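Welcome! Please take a moment with the sequence and the 3D view before reading on.

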Amino acid sequence: MSFKISKPQKEIQKAARDFAKGEFDKDLAFDMERAQKFPEDVRNKAAGLGFIGIHYPEEYYGAGLGILENVLLAEEFCKKDSSMGIGLMLSGFAAECILRFGTDSLKDRFLSGIASGEMLSGEAFTESVSGYDTGDIKTWAQKKEDAWIINGQKTLVTNGGKAGVYCVLCRTDPGSIGADGISMILAEGNSEGLLSVNPRDKLGMRMVSTSDLVFNNVKVPCSNLVGKQGKGVLQALAFYDEARILLSAMALGTARGAFLRALDYVRQRELFGKKLAGFQVTRHKLADMAMGINIAEHLVYEVAADFDSGRSDSGRIAMAGLSACQAAIDVSSEAIQLLGGYGYMAEYELERFYRDAKSMGIFLGNTGMMKDIIAKNIIEKIK
Ligand SMILES: Cc1cc2nc3c(=O)[nH]c(=O)nc-3n(C[C@H](O)[C@H](O)[C@H](O)COP(=O)(O)OP(=O)(O)OC[C@H]3O[C@@H](n4cnc5c(N)ncnc54)[C@H](O)[C@@H]3O)c2cc1C
């Protein structure tokens, strides 16, 4: 398919670019990344301008727009600063589970708070034993009268310890095995018996907290069930598709930001009597970087537009994710190389872009898993 970014979409892109230019201060980013904190005043300003939850309906403080518009924001923010962009775009991580599967009452309770910047949200799926095997989770929710009682432990939770609400995958159907019998249940961050432990230090994405969550007889109302009982894994897979589109956009912006910094440098830097941009080896590197970014851009915009028109395709989303994450890693690595010794220094930002890029290739599925999804779709569709 082919499509063009519309005029209103270009205006959103420009608004995001202007916001990032005005608010994503380089020194602030440097300090906050070291301190592993996100500048909350920047989040509040972004929320005030409607940049969080742009794809939520207007009654929940959103703008009623699509994933493509959210993709344009993510790309612009991460282009200016990968760490700030990631921190901002993950403010409402996993809230799409509520948006797509939740009841009106759950949407009322949580989406406005997330979009207005009052609370963060998080996804609590992974367990230390289950890893990528979502069907192997052990966290257990038992129904008692009008409540679910949750017990278990989740690991590597983004916004862990900070979120106002977590979407938790729990086994709810006694005796079930594998993916059947697992449900999605919301737990509020301040629930009694819910503890955030083991805050993680990490390579990239350092403005976003990551921790484990311990559920010790956490009691939540039965109405906190998201979607259908026993269908949590299917819903999680659908959420992964949507989340991978957003992640791809963050990776695309990170790649583009690293590319532009390298381009700027090789146009100015003179060596052996000519600009670095004049050496064939540099030009070929730039060509490879630009190609990777353009292929990723095409795929990311395409899957976002498809998603918005109800034609979501997991295989193509995985292709977009893989190419964007790979572009982010390759381009930021080459950009460091092009800047020579300076590229390795924190003040030139590229080492941070590279560290952020590396996290994206693991967060929502490793390379092998993405290739498996692509191959599965090809084998099933092309007969
Ligand atoms: C920055 C970051 C943020 C995260 N945020 C969250 C979050 O918010 N919520 C949450 O629930 N989880 C989160 N995670 C956890 C993430 O989803 C897990 O790392 C992931 O589920 C993998 O689990 P694991 O680390 O135990 O790896 P394993 O499942 O043990 O996999 C290890 C390696 O085995 C190989 N492998 C495993 N399965 C396959 C396969 N099917 N095909 C091919 N190779 C395979 C791959 O090389 C893989 O990298 C986050 C992770 C990171 C890095």
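## Before you start

This is a predicted model, in which local features need pLDDT of at least 70 and side-chain atom pairs count only at pLDDT 80 or more, while totals for chains, interfaces and linings use all residues. Residues are numbered from 1 along each chain as its sequence is written, and side-chain values use heavy atoms, with hydrogens and water left out.

## Around the ligand

The ligand is surrounded by 14 residues, counted when one of their heavy atoms lies within 4 Å of it. The closest are Glu-123, Thr-126, Tyr-132, Leu-156 and Thr-158.

A nitrogen atom of the ligand sits 2.7 Å from a backbone N or O atom of Glu-123. For Tyr-132, a polar backbone atom is 2.8 Å from a ligand oxygen atom. Thr-158 takes part through its side chain, where an N or O atom is 2.8 Å from a ligand nitrogen atom. On its own the ligand has 970 Å² of accessible area, and the protein covers 64% of that (Shrake-Rupley method, 1.4 Å probe).

## A hairpin

Next, look at strands E2 (residues 140-144) and E3 (residues 147-158), which pair in the antiparallel sense over five bridges. Strands here are DSSP runs of at least two residues and helices (H or I) of at least four, numbered from the N terminus; two strands pair if DSSP finds at least two bridges between them. Lys-143 has Trp-148 in E3 as its bridge partner. Two residues separate E2 and E3 in this hairpin, and Glu-145 in the turn has a positive phi of about 50°.

Helix H8 (residues 232-268) has 37 residues and spans 53 Å from its first C-alpha to its last, close to the expected 54 Å (1.5 Å times one less than the number of residues). H8 is mostly covered, with 29 of its 37 residues buried, meaning under 20% relative accessible area (1.4 Å probe, protein chains only).

Helix H9 (residues 280-308) contains Glu-302, which is buried at a relative accessible area of 5%.

## A buried serine

Is Ser-211 buried or exposed? This residue of strand E7 (residues 210-221) is buried, with a relative accessible area of 1%. Its contacts (heavy atoms within 4.5 Å) include Thr-155, Leu-156, Gly-160 and Asn-198.

Notes:
Buried < 20%, exposed > 50% of the residue type's maximum accessible area, 1.4 Å probe, protein only. Polar contact = N/O pair within 3.5 Å; in protein donor to acceptor, adjacent residues only side chain to side chain. Lists of a residue's contacts leave out its neighbours within four places in sequence.
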